[in-house]
Amino acid sequence: MTATASTVMHPSTVEELRDAIAGTGKTHPRLLVAGTGTATSWGAPAAPADAIIDTTKSTGVLRYNPADMTIAVRAGTPLVAIQQVLAEHHQRVAFDPARAARGATVGGLLATADAGPLRTGYGSLRDLVIGVTVVLSDGTVARSGGHVIKNVAGYDLAKLFHGSLGTLGVVAEVVLRLHPLPRATSTVAVEGSAEDAFAVTGKVVEAGLEAAALEWCDGRLLVKLEGTPDGVTERAGAVCAIAADAQVLSEDEADRAWAGVAATAEGGSGSTVLRIGTLPTAGPRAVGKILALAGESGIAARVSSSVQIGVHTVHLSGGAHDELLSLAQQEFGAAVTVHRRDGLGPSSGWGPPPPAVRVMRAIKRQFDPAGRFGAGRFAPWLDDEEHPS
């Protein structure tokens, strides 16, 4: 049975979500969690579901005291809406995934483990979520963390649900730690190859310049600096002293450069986007290998790399992508398709299972023993998706 309009649930509160899940175990055994639809192409395609849990009505700020530097929101709230509320108090979630501009929700961003260039300085939602409320497959409401940034008591559900693609349960509410909006921002561009970017990055880190982002894209390293006007100017000068061909970009130039980075992560009807994780030291080799494979296949490839932490986004267009994706996943292991070109085979979502796949399967059985949530999204890694108990 596939999901139809008559089997779409629209819970707006934790209580409504709990009742919707707990009361449908027999009538709708397979559930698919959906939000604004910005990540439906991530991983492998979802299998047909008996009902869809639409989280787009579960929105709004629950608690926000600017002095605490935390905010609690319903998980269906778009990140851009949260940022607008926070900006009035000169605060922000220091988090900039490209999908945010298309209305991605905080729950969806947590479930996909997505992030943008600011991951270098501030981490991903794994580091910014300090409390979470989830609803499990039997209707159990589970909570961990809270409003205290150093709270580590209990089971850290946020880290388990980070990147789970809706296969463990439904994220209902999220508590986020905040940062001040920077008084000044500057971007320094350094021309060079991926190898050059890695070398410069090492020097920037050694100099203690605390870059908010270090992103290599379109043949140049972008160094984003945030802070006070005087401090940013001084640190930008230090970057220019490190690399002779460095240039401080104007505000318009910087906006265009970072827009280019975001565009790499956004797919279209004729493109595929792959995200790869490597050791930072292996980054230049990975980028070179991908570009070489693409060139041999007649595929146009554009790469954006968070150099310091080894996260690489690869945008492919033209040619056939299945073989290149398979080779990349075999070569690098930690690789996931985040946008599938039309007609791309379903097996292209994931590569070989990681060494920790047994742990993944055990967690899936613990949290979702009936295999209700997100069947197919991690296929064929999770045995539960093919053989629900």
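This is a predicted model: local features need pLDDT of at least 70, side-chain atom pairs count only at pLDDT 80 or more; totals for chains, interfaces and linings use all residues.
Which helix or strand supplies the largest share of the lining of the second largest pocket?

Residues are numbered from 1 along each chain as its sequence is written, and side-chain values use heavy atoms, with hydrogens and water left out.

The search runs on a 1 Å grid over the protein atoms alone; a cavity is a set of points where a 1.4 Å probe fits but cannot get out, a pocket is an open set with protein on both sides within 12 Å along at least five of seven lines, and lining residues have an atom within 4 Å of a point. Points are joined across faces, edges and corners, and a volume is the space filled by probe spheres set on them. Helices (H or I, at least four residues) and strands (E, at least two) are DSSP runs, numbered from the N terminus. For classes, Ala, Val, Leu, Ile, Met, Phe, Trp, Tyr, Cys and Pro are nonpolar, Asp, Glu, Lys and Arg are charged, and the others, Gly among them, are polar.

Back to the opening question: the answer is α9, with 4 residues. The second largest pocket holds about 670 Å³. Of its 37 lining residues, Asp-96, Pro-97, Ala-98, Pro-117 and Ala-262 are the closest to its centre. At least two lining residues each come from β13 (220-227), α9 (251-264) and β18.

The largest pocket has about 1000 Å³ of space. Its lining has 37 residues, and Thr-112, Ala-113, His-162, Gly-163 and Trp-350 lie nearest the centre. Here α12 gives the most, 4 residues. By class, this lining has 21 nonpolar, 9 polar and 7 charged residues.

The largest has a volume of about 60 Å³, and its lining includes Trp-216, Pro-280, Val-287 and His-312. Two or more of the lining residues come from each of α7 (194-206) and α10 (283-296).

Val-287 and His-312 are among its lining residues, along with Ile-276, Ala-286 and others. The largest share, 3 residues, is from α10, and β17 (311-317) also supplies at least two. That lining has 6 nonpolar, 1 polar and no charged residues.

Since α10 keeps coming up, a word on its packing. How do α10 and α11 run relative to each other? The axes of α10 and α11 (residues 322-332) are 10 Å apart, at an angle of about 160°. Axes are lines fitted to C-alpha atoms, for helices over the stretch in contact, with angles from 0 to 180 degrees between N-to-C directions. The pair is therefore roughly antiparallel, a label for angles over 145 degrees, against under 35 for roughly parallel, 65 to 115 for roughly perpendicular and oblique for the rest. On the α10 side, the contact (heavy atoms within 4.5 Å) includes Ala-286 and Ile-290. By class, the contact has 8 nonpolar, no polar and 3 charged residues.
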